[in-house]
Amino acid sequence: MYLHGFTDPRIIEYDTLTSEERWNEYTDIILANPPFMSPKGGIKPHKRFSVQATRSEVLFVDYIAEHLTPTGRAAIIVPEGIIFQSGTAYKQLREMLVKKYLVAVISLPAGVFNPYSGVKTSIIILDRRLSQKTDSILFAKIENDGFGLGAQRRSIDKNDLPAAAHNIKAWMDSLQSEGSFDLSAANNLTLVEKVIINGNGEYNLSGDRYRQKDAKKSVFDLMPFQSVCTLEYGSSLPQDKRIEGPYPVLGSNGITGHHNEFLVEGPTIIVGRKGSAGEVVYVSENCFPIDTTYYVKRVNPENCDIKYLYYVLKELNLPNLKGGAGIPGLNRNDVYEAIQIPIPPLDAQKEIVAEIESYQKIIDGARQVVENYQSRIHVESDWPVVKFEDAPFQIIDGDRGANYPSKEDFSPSGHCLFLNTKNVRSDGFRFNEDDLEFISEEKDNALRKGRLERGDVLLTTRGTIGNTAFYGDAVKFDRIRINSGMLIFRPDANKLSGRYLFHFFQSENFRAQREAIVSGAAQPQLPIRSLNDAIIPLPPFETQNIIVADIENELRLVDDNKQLVKLFEGKVKAAINRVWDEAK
């Protein structure tokens, strides 16, 4: 408190949840980030809480709300359970908040509390006086807070907080003055009537579910979800009850096996209910969806093409409606309440499907190229093939001694980049700003090994094994040390091209060897002693350069196919989006 400018903080220590000692004291303003964790068996609170609960987050929010003066205000950071958990105590708490206290909910992205916790949280704003002057709750969605959401939390140029704070305050000021506030120009804000939040008695405080309702309008008739199709429960089918057969068994993550009976005739649509909740899969054949899924039943098949419905449901982003702590779930009543489906004439539906499927053929073909490409070096009979221990390169590992950097030696910037295995991917370096760690000049000078030189090739030997990178002139960092999860290969520049070695490590020639010598089941690694027995073909230097040029031409074609996938995925999205008209 002193470090935050409170030179004479008044701190009172007592157990607010089990002691009634100060229950009758009230406060004008409360700012809190209360503990989320509950001890095993829950908390045993006193009996004066309005909501009977054993969870700490429920009890603390209840306590704060009930201890505001008649003009009191509060801002509380809460976990997602408070927002949409379906337990009785959670629902009772949300009902009390909506009816008497709540004015705004600010959704924060997961990661704002890194490096301590990546948990998803929200801020709820309570104001006893203003809550009675409005029949609506304001929902704000923060996607960026000025810092990256990785462990390092480095500064970025995207920050939604200033605009959100300004707009939320302006809205609350308009309530105070009984004026008006135009939300149409405010990004990521949604105003929802309390009667809608009440809905089916869940008092769900997830802004995404209400944004979903108003997100799209259509040039065609919008039909309530249940008038077009319903979500029917899959059936339990334990592993010991399955008899091998021709019919795929579908779980929320896709096919989990096969059975000799089917539950649903194909073609059908499967929607994840638990786990991968809201994910949509098209199945062309008879199948058996299990109880972690829904299957889609069309109300009027003559007026609704099954493939058209599949593409629409994919576009509606049903995972936004999932909720629940632990394993996330999709409540079909939430879908029925939130979603409407545009139904153009059947001929128009079929035209849309035909267009999308023509694009999908291109996407599938391009993906086949991307997913199946593996460079291979055709070895000529007159090329020497040597073991690594005899090859024209040095193998250099990182310094593992007493001078190896400890956690406090790292900083977001500094003299020398200290390379982590996550900075080396299957196709080269990956320098994500949130993942970079630097050491000081003093620490760099104290290390004996592991300094990169231009022309070196890296190979990861622990964690994700076999990733490789070439330290060429295009890499912007001049000083790099490696950690102990990788090795440096320093080629003799007169005999071995660094780029040839780099592509050799990526090739099928080396992959098969690598997989044969990996050791350790729990923590696999590539020991140097085992690598010494690996072999590498050594064509003439000019031939190495030709091989490199050929492989890099192939890789450019692979990249072109990646771009093709992205381009035609955009065309698919545009085709289905033509049934929507945001301006209408």
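These legends accompany several views of one predicted model.

**Figure 1. Overview of the predicted chain.** The chain has 584 residues, and 47% of them count as buried. It holds 16 helices and 28 strands. The C-alpha trace spans about 85 × 75 × 50 Å along its principal axes. Among contacts with a separation of 6 or more, 72% join residues 24 or more positions apart. The accessible surface comes to about 30100 Å². Carbon and sulfur atoms account for 49% of that surface. The side chains include 69 positive and 78 negative ones. The centres of these two sets lie 4 Å apart.

**Figure 2. Cys229 and its nearest cysteine sulfur.** The whole structure contains zero disulfides. Cys229 is in none. The nearest cysteine sulfur belongs to Cys304 and lies 6.8 Å away. Cys229 is buried, with a relative accessible area of 0%.

Figure 3. Strand 20 covers residues 416-419 and pairs with strand 26 in the parallel sense. Three bridges make up this pairing. Within it, Phe418 has Arg481 of strand 26 as its bridge partner. Strands of a sheet pair through backbone hydrogen bonds, either parallel or antiparallel. Cys416 is buried, at a relative accessible area of 0%.

**Figure 4. Asn423 in its loop.** Asn423 is found between strand 20 and strand 21 (424-425). Its relative accessibility is 0%, so Asn423 counts as buried. Which residues does Asn423 contact, leaving aside neighbours within four places in sequence? They are Phe418, Gly428, Phe429, Arg430, Asp435 and Leu436.

**Figure 5. Strand 7 and its pairing with strand 6.** Is strand 7 (residues 155-159) largely in the open or buried? Of its five residues, the number buried is zero, so strand 7 lies largely in the open. Strand 6 (residues 145-147) pairs with strand 7 in the antiparallel sense. Two bridges link strand 6 and strand 7. Phe147 stands opposite Ser155 of strand 7. In a regular strand, side chains alternate between the two faces of the sheet.

**Figure 6. Pro524 between two helices.** Pro524 sits in the loop between helix 14 (508-517) and helix 15 (528-531). Its relative accessibility is 28%, so Pro524 counts as partly exposed. The cut-off for buried is under 20%, and exposed means over 50%. Leaving aside neighbours within four places in sequence, Pro524 contacts Thr461, Arg462, Gly463, Ile465, Val518 and Ser519. How many residues separate Pro524 from Ser122 in sequence? The two are 402 residues apart. In space, Pro524 and Ser122 are 39 Å apart, C-alpha to C-alpha.

Key: Residues are numbered from 1 along each chain as its sequence is written. This is a predicted model: local features need pLDDT of at least 70, side-chain atom pairs count only at pLDDT 80 or more; totals for chains, interfaces and linings use all residues. Side-chain values use heavy atoms; hydrogens and water are left out. A disulfide is a pair of cysteine sulfur atoms within 2.5 Å. Buried means under 20% relative accessible area, exposed over 50%, partly exposed in between (1.4 Å probe, protein chains only). Helices (H or I, at least four residues) and strands (E, at least two) are DSSP runs, numbered from the N terminus. Contact means heavy atoms within 4.5 Å. Accessible areas come from the Shrake-Rupley method with a 1.4 Å probe; for residues, only the protein chains shown count as cover. Lys and Arg count as positive and Asp and Glu as negative; His and the chain ends are not counted. The place of a charge is taken as NZ of Lys, CZ of Arg, CG of Asp or CD of Glu. Two strands pair if DSSP finds at least two bridges between them.
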